[in-house]
Every structure is written in structure tokens, then in C-alpha cells.
Amino acid sequence: MVQEALDKYARLDIFFANAGVLGGAKLVGDIAAEEFMETMRINTLSVFLAAKYAGKAMQVVGREKKVPGGSIIATASTAGVRSGAGASIYSPFMLPRGGG
Amino acid sequence: MRDAAAHYSASKAAVINIMQTSAFQLAGTNVRCNAICPGITETGMTSRLWEAAKKRGTEGKIGQINPLKRAAVSDEIARVALFLGSDEYVLIITLSCSGGKRGKLMKMDGQ
């Protein structure tokens, strides 16, 4: 994706890493290791890869871009600031039993 | 089940941490890194929540415990991303867009 942007525009200025999944509203004892890793892969590894590749690409300068730089933005969550402050706690009456 | 699940919370806490570390390591390159922390927002990811509420006729209650008394829509989060994508002198902030509920309004580390 980053290489595609460089090939097409010869520069990269903004990367917004916004993809994510809820991963199912389960109690900690009910989460399978595979589910845990899949959520980490989609929500966290994606942001790491954005920083890894976009960070370098934003420093590429040339005819189109004289000064290096850019902005990497990632969507986290209030749940990442304080445990349990995520989507479901805002609407505790909304969750169907056994999942959300 | 009231709280966000452990794997979701952990994955998002790591996102904040990765952005902080990357911001420090990219300091001096003019590449800035920031994280947005939305509260409940109507998106494809939360669509099941809205569908369940609609079935119960309680859609209007979503987000009612926020000081702003409502959930966010994706456009409101996109505007924050647009701000961070601009050339503003902003680095390493964890910007909460939660309607005032939980989190800190602006947690600035390393300013």
C-alpha cells in the first residue's frame, strides 16, 4: 500500500491506520488464544506496519517533495486508555446476551 | 458483559504505545505520530450494537451515559483525523473523542 502510494504520487504525507475489529464481547476466560491473536493482528500489527513502512516512506524526498515529513494517525479507543471504557460500556443495555 | 473485551482493550492500548514509541523514534524526521481514542461511534464495526438496539427500540439510549448524551458518528472522528493530518505542531497526543465519558480529554506525554 505504501509502495503503491510512492509509485503513483512519488510521495507519502498522511497515513491513517483506521481498520479494526471488536473481537466479540467475551469474558477473559472465554477468549481463545487464537481469537486474542487475531484481534491483535488486525488492530495492533496493522498499526505497527503502518509506522514501520509509512515512517520511512514519508522521509522520501524528490522532485515532488522537497522537505521530508508526514503524519501517521492511528485509531485506538477509549478502551485503550482505560480498561473497560470501550464501546460496550457506553450502552450496557444494548448488548445481546453472550456477545456484541 | 459490560466492558470491552480484554483482547480489544489490550490491542488498542498497544496502538497508543506504538504511536508514542514511533513518535519518539521518528523525532527529527518531521514525521508525526498520533492516536485517536473514540468512544462509542456508529460504524461498520459497531453495527451489531445498533441493530440490537433497534430491535429493542432502545436506539436512542446509545451513548446516553456520555456527558454529550449521544454516540459519535464516523464523520466526527474523521474530522479529528483531518486535523492530525494537517501540518499542525502536534506530536504524541492521545486524543479522546468519547463525548466526555472516560479517558482524559487530552493526555499529552512528552510535550
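I began just past helix α1 of chain A, where A:Ala10 takes a positive phi of about 60 degrees. The model is a predicted one, and I kept that in mind for each entry below.

**Chain A, overview.** I looked up the elements of chain A and found three helices and two strands, which run α-β-α-β-α from the N terminus on. Helix α1, residues 2–9, is hardly covered, since the count of buried residues among its eight residues is zero. Over the whole chain, buried residues make up 37% of the 100 residues. Taking contacts between residues at least 6 apart in sequence, I noted that 57% join residues at least 24 apart.

**Confidence in chain A.** The pLDDT of chain A averages 83, and 82% of the residues score at least 70. Over residues 86–100 of chain A the pLDDT is below 50, although this stretch has 54 contacts in the model beyond near neighbours in sequence. Where pLDDT is low, the predicted coordinates should not be read in detail, and I left that stretch there.

**Chain B, overview.** Chain B has three helices and five strands, and along the sequence they follow the pattern α-β-β-α-β-α-β-β. Buried residues make up 42% of its 111 residues, and of the contacts in chain B with a separation of 6 or more, 64% are between residues 24 or more positions apart.

**Strand β1 of chain B.** How many of the residues of β1(B) are buried? I found that eight of its eight residues, 31–38, are buried.

**The cores.** The largest nonpolar core has 31 residues, and those that touch the most other members are A:Ala50, A:Ile72, A:Ala74, B:Val15, B:Met19 and B:Ala35. Two or more residues of this core come from each of β1, α2 and β2 of chain A and from each of α1, β1 and α3 of chain B. A second, separate core has eight residues, among them A:Leu22, B:Ala4, B:Tyr8 and B:Ala10.

**Helix α1 of chain B.** I checked B:Ala23, which is found in this helix. Why does B:Ala23 count as buried? B:Ala23 is buried because 22 other C-beta atoms lie within 10 Å, where the cut-off is 20 or more. I also took the separation of the C-alpha atoms of B:Ala23 and B:Gly39, which are 16 residues apart along the chain, and it is 23 Å.

**Helix α3 of chain B.** This helix has 12 residues and reaches 16 Å from its first C-alpha to its last, close to the 16 Å expected at 1.5 Å a residue. Buried in α3(B) are B:Ile77, B:Ala81 and B:Leu84. Seen down the helix axis, the buried residues of α3(B) fall within an arc of 60 degrees, so they line one face. On the other side of α3(B), I noted that B:Asp75, B:Arg79 and B:Leu82 are exposed.

Note on methods. Residues numbered from 1 in each chain as written. Chains lettered and ligands numbered in written order. Predicted model: local features only at pLDDT ≥ 70, side-chain atom pairs only at ≥ 80, totals over all residues. Buried ≥ 20, exposed ≤ 12 C-beta atoms within 10 Å, placed from the backbone. Helix = DSSP H or I, 4+ residues; strand = E, 2+ residues; numbered from the N terminus. Contact = placed C-beta atoms within 7 Å. Core = buried A, V, L, I, M, F, W, Y, C linked by C-beta atoms within 7 Å. pLDDT = per-residue confidence, 0-100. Expected span 1.5 Å × (residues − 1). Arc of directions from axis to C-beta.
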